[in-house]
Amino acid sequence: MALAASALMPLNLVKFYACKGIPNANRWNKVSSRTSHSINFSLLFEKRGIGFRNGIVAVAAAASPSPVNEDISQKETPQRIYTWPDNKKPKVCILGGGFGGLYTALRLESLIWADDKKPQVLLVDQSERFVFKPLLYELLSGEVDAWEIAPRFSELLANTGIQFLRDRVKMLHPADHLGMNGSTGSCSGGTVVLESGLLIEYDWLVLSLGSEAKLDTVPGAAEFAFPFSTLEDACKVDNKLKELERRKFGKDSLIRVAVVGCGYSGVELAATVSERLQDRGLVQAINVNTTILPTAPPGNREAALKVLSSRKVQLLLGYFVRCIRKESDLEGSAMPTEAGVFPKTLAEHGSEKYILELQPAERGLQSQILEADLVLWTVGSQPPLPQLEPYDKTHELPLNGRGQAETDETLRVKGHPRIFALGDSSALRDMNGRILPATAQVAFQQADFTGWNLWAAINDRPLLPFRFQNLGEMMTLGRNDAALSPSFIEGLTLEGPVGHAARKIAYLIRLPTDEHRLKVGISWLTKSAVDSVASIQSTLSKVLSGS
């Protein structure tokens, strides 16, 4: 949704901070004088292809001259501020348009407000599309179309008062430590700086930035492995598989796929890819634990093992990946494969292959070397929380070791009554002291509570403590196959076509808006009818040909 109703206007950032009573304005004056030469951050990061993780930079870094920056632009770029339509109404800025962010915005829209209390809501995300991540696997199997699981924010928010801005977060400066509390008065809770240079003043802030794949823990993973957490990731994996399928068509050599990690994401990927490749490929799944899905209900684990076994997926349990290298970099070195033979040359393969060195995590296992055409990485993640203003160390957000914000039971960040954090950005703990899992189910429920608690805070009402209710766990195992273990019926697991239908219905209900649910429901029903007719025709053809 374009910001037609909200103009952008120049602002002297130093004067803005000074009038807001923010300390160290003189220091900012010095910084601003050094950074008056333009730095077009959005253009810089687009040209360099740097992702959101690398996009989080401090203002101090911008002060240093850079040849890249000078090449991009020599013109001066004035500081801009986002102008809210009504300065008297509460201003809520939501960073991140995933399950937590989008559903919090929609929850705020659905609540009943007094005219002078209804907040203006601005949703900021680096992508133009919301992605329903649990259904990304169906893109690889061809069960869904991209528009069904990744609708544009402009379409979802068309009939709401929620404003959407596509940009990346660069830095935030909370001001609620200056004595501001949760009163209804519209005094600023702080500011957010975006990579485009736009500055947003907010009364209430919601952090729901999700997480991104952490590939820097193993040498070679960032260069050669494919993560699977975004729509772009899924499209890249799908395109790579299509390329390998074309290249190997009619040949005896198998498409070798290595899946690193056997949590839900790794197992779902292994099941989906092995079904897609069938006899044309070999899928090998690597896990540091000696079992797959260590935290899953037993029924889900057993169903997954049965499916993986039937599709001849090789499980390498009790191993961790030491490094990933290109096969061409190892030519001439003594590096046998797991079968004890030396890798073929690049010319013999006709394409680049990758070598994974596996180290045992358990006693009694031997080191192994794997060869793969495609490496899928599903272990490790990190929340990309923005940095604060340089040198303002006394008022930083309290973060845990994974970079998640520590929150109280109402989902407010500790020490910052005007900032809420949920989903992967939150380090909320359950009754047993364990951090809640980073799942869609948790984000759904937290979004509902965050929306309500924002309403309560704005209306001077008591905030509700969040209590997670585990409704069960679901996973896809390929086309027309899934496993579902509801928590309210102990020991029950729905498998196969029944589990598949139940899972799709559950996710259909959780799609963001009624209009989108209707469109997707009709599309899925039509596809199901077409598949049923095709199946009947195939069965009749076999019967008639046999007679």
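Phe99 and Phe132 are both buried, where buried means under 20% relative accessible area with a 1.4 Å probe and protein chains only. Keep in mind that this is a predicted model: local features need pLDDT of at least 70, side-chain atom pairs count only at pLDDT 80 or more, and totals for chains, interfaces and linings use all residues. Residues are numbered from 1 along each chain as its sequence is written, and side-chain values use heavy atoms, leaving out hydrogens and water.

**Aromatic pairs**
- Searching the whole structure turns up 16 aromatic pairs (rings of Phe, Tyr and Trp, the last by its six-membered ring, with centres within 6.5 Å; planes under 30 degrees apart are stacked, over 60 edge-to-face, the rest tilted).
- One of them is Phe99 with Phe132, an edge-to-face pair at 5.1 Å centre to centre and 90° between the planes.
- That pair links distant parts of the chain, 33 residues apart: Phe99 is in helix α7 (residues 99-110), and Phe132 is in the loop between β4 (120-125) and α8 (137-141). Helices (H or I, at least four residues) and strands (E, at least two) are DSSP runs, numbered from the N terminus.
- Phe99 also pairs with Phe444: the centres are 4.9 Å apart and the planes at 70°, so this one is edge-to-face too.
- Because Phe99 lies in helix α7 and Phe444 in helix α16 (residues 440-458), the pair ties together parts 345 residues apart in sequence.
- Like Phe99, Phe444 is buried.

**Charges over rings**
- Arg510 lies over the face of Phe444, 4.2 Å from the ring centre (the cut-offs: NZ of Lys or CZ of Arg within 6 Å of the ring centre and within 35 degrees of the ring normal).
- Over the ring of Trp204 sits the charged end of Arg418, 4.4 Å from the centre.

Conventions
Buried means under 20% relative accessible area, exposed over 50%, partly exposed in between (1.4 Å probe, protein chains only).
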